[in-house]
2 protein chains.
Amino acid sequence: MPGIGPRTAQRLALHLLRQPEIKIRSFADALLAAHDQVGQCEKCFHLSAESVCEICRNTHRDKRILCVIADSRDLIALERTREYKGLYFVLGGLISPMDGIGPEFLQIPNLIERVDKDEIKEVILALTPSVEGDTTSLYIAKLLKPFTKVSRIAYGLPVGSELEYADEVTLTRALEGRQTIN
Amino acid sequence: MPGIGPRTAQRLALHLLRQPEIKIRSFADALLAAHDQVGQCEKCFHLSAESVCEICRNTHRDKRILCVIADSRDLIALERTREYKGLYFVLGGLISPMDGIGPEFLQIPNLIERVDKDEIKEVILALTPSVEGDTTSLYIAKLLKPFTKVSRIAYGLPVGSELEYADEVTLTRALEGRQTIN
């Protein structure tokens with residue numbers, strides 16, 4: 001399991017062996033239940049125990065703005081900001097020809113259908129600033145342009161950082177992406 | 001001296017003591033000469049051995065764009081990108097009421113005079129994304145608005161980073177600063 005080395009694994013295993021049987025049984029049942037019940041939201045492909053997830057069902061959110069992310073972890077990170085009030089769409093990965101991942105492995109056809117059907121007025125691409133992220137952003141932007149406005153999140157200096165220690169690529173992006181102050 | 005702890009200091013001192021007198025003398029002379037000769041460029045306030053620095057004298061640079069930075073270290077960081085072709089203006093610090101640094105301690109009056117006199121067509125504020133940086137940016141933007149276009153570098157995800165590990169404030173800035181893809 002990720003982040004669990006041999007020593008931690010041994011500590012956890014010994015801890016579990018010391019528990020009473022009833023606790024172990026309920027833990028095992030919980031694992032099976034999670035595996036059984038947690039699927040994907042049929043609208044946004046986020047993890048969900050129901051056919052449509054809590055975020056997609058929330059009537060207080062702006063249904064005309066769609067934020068596209070690579071996976072559920074990114075959605076959770078954006079939710080932590082408590083600033084974004086639109087809906088999401090989880091792609092399931094990024095285009096990566098090096099790893100043999102083409103657009104056909106991602107939810108891109110479903111995204112286009114969703115944007116068209118739900119009359120989305122803005123799609124915000126929130127993909128990582130990497131070769132794969134940029135490739136995927138450009139690919140999606142090209143496909144969605146006939147239907148809606150497409151924007152991407154800003155790449156630049158992270159808050160609290162020092163200009164002096166920023167790498168050249170980030171500084172270049174920050175200069176290119178400069179914004180007029182109104 | 002910054003970054004030099006007691007052990008490193010001792011190692012350096014012992015190394016210097018082992019050198020022949022002529023080497024020590026030329027080192028001492030170099031220090032004195034640097035202190036004597038390196039002053040500030042009278043146009044941009046960057047460190048310079050001449051009255052006007054090499055960057056300000058370079059005729060291949062765009063004299064109508066001015067990038068404002070807090071100090072010479074930030075200028076050097078931006079020069080490393082090899083992307084920026086305009087001129088610079090070194091403020092000499094950031095406004096920080098907590099530390100008793102008001103606008104009067106910085107080169108702000110000289111900046112306004114320079115923008116007006118040299119008919120600058122864009123001022124790019126490249127200050128750190130912090131309370132002091134934001135305060136200084138807003139203060140300068142307000143003063144310069146009647147004279148020229150004012151922009152600031154992008155704040156957002158640094159290149160090569162993961163959305164998942166970005167802090168909430170950076171993610172919020174990245175969402176707010178999103179840009180339409182053309």
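## Surroundings of A:E122

In this predicted model, A:E122 touches A:R64, A:I65, A:L66, A:T148, A:K149, A:S151 and B:R178, leaving aside residues up to four places away in sequence. The residue lies in strand β5 of chain A, which spans residues 122-125.

A:E122 has a relative accessibility of 8%; because buried means under 20%, A:E122 counts as buried. Among the residues that A:E122 touches is B:R178 of the other chain, and here the side chains of A:E122 and B:R178 make a polar contact at 2.7 Å.

## Relation of the two chains

The same surface serves both copies, as 100% of the contact residues of chain B recur in chain A.

## Nonpolar surface patch

On chain A, the residues A:L16, A:I24, A:F27 and A:L31 make a nonpolar surface patch of about 340 Å². Helix α2 of chain A (residues 21-37) provides the largest share of this patch, with 3 residues.

A:L16, another of the patch residues, is placed in helix α1 of chain A (residues 6-17). With a relative accessibility of 33%, A:L16 counts as partly exposed, since that class lies between the buried limit of 20% and the exposed limit of 50%.

Conventions. Residues are numbered from 1 along each chain as its sequence is written. Chains are lettered from A and ligands numbered from 1 in the order in which they are written. This is a predicted model: local features need pLDDT of at least 70, side-chain atom pairs count only at pLDDT 80 or more; totals for chains, interfaces and linings use all residues. Side-chain values use heavy atoms; hydrogens and water are left out. Contact means heavy atoms within 4.5 Å. Helices (H or I, at least four residues) and strands (E, at least two) are DSSP runs, numbered from the N terminus. Buried means under 20% relative accessible area, exposed over 50%, partly exposed in between (1.4 Å probe, protein chains only). A polar contact is a pair of N or O atoms within 3.5 Å; within protein, one must be able to donate a hydrogen and the other to accept it, and residues adjacent in sequence count only if both atoms are side-chain atoms. Patches are made of residues with over 30% relative accessible area and no salt bridge: like charges are joined within 9 Å, nonpolar side chains (Val, Leu, Ile, Met, Phe, Trp, Tyr) within 5 Å. Accessible areas come from the Shrake-Rupley method with a 1.4 Å probe; for residues, only the protein chains shown count as cover. A salt bridge is a side-chain nitrogen of Lys or Arg within 4 Å of a carboxyl oxygen of Asp or Glu.
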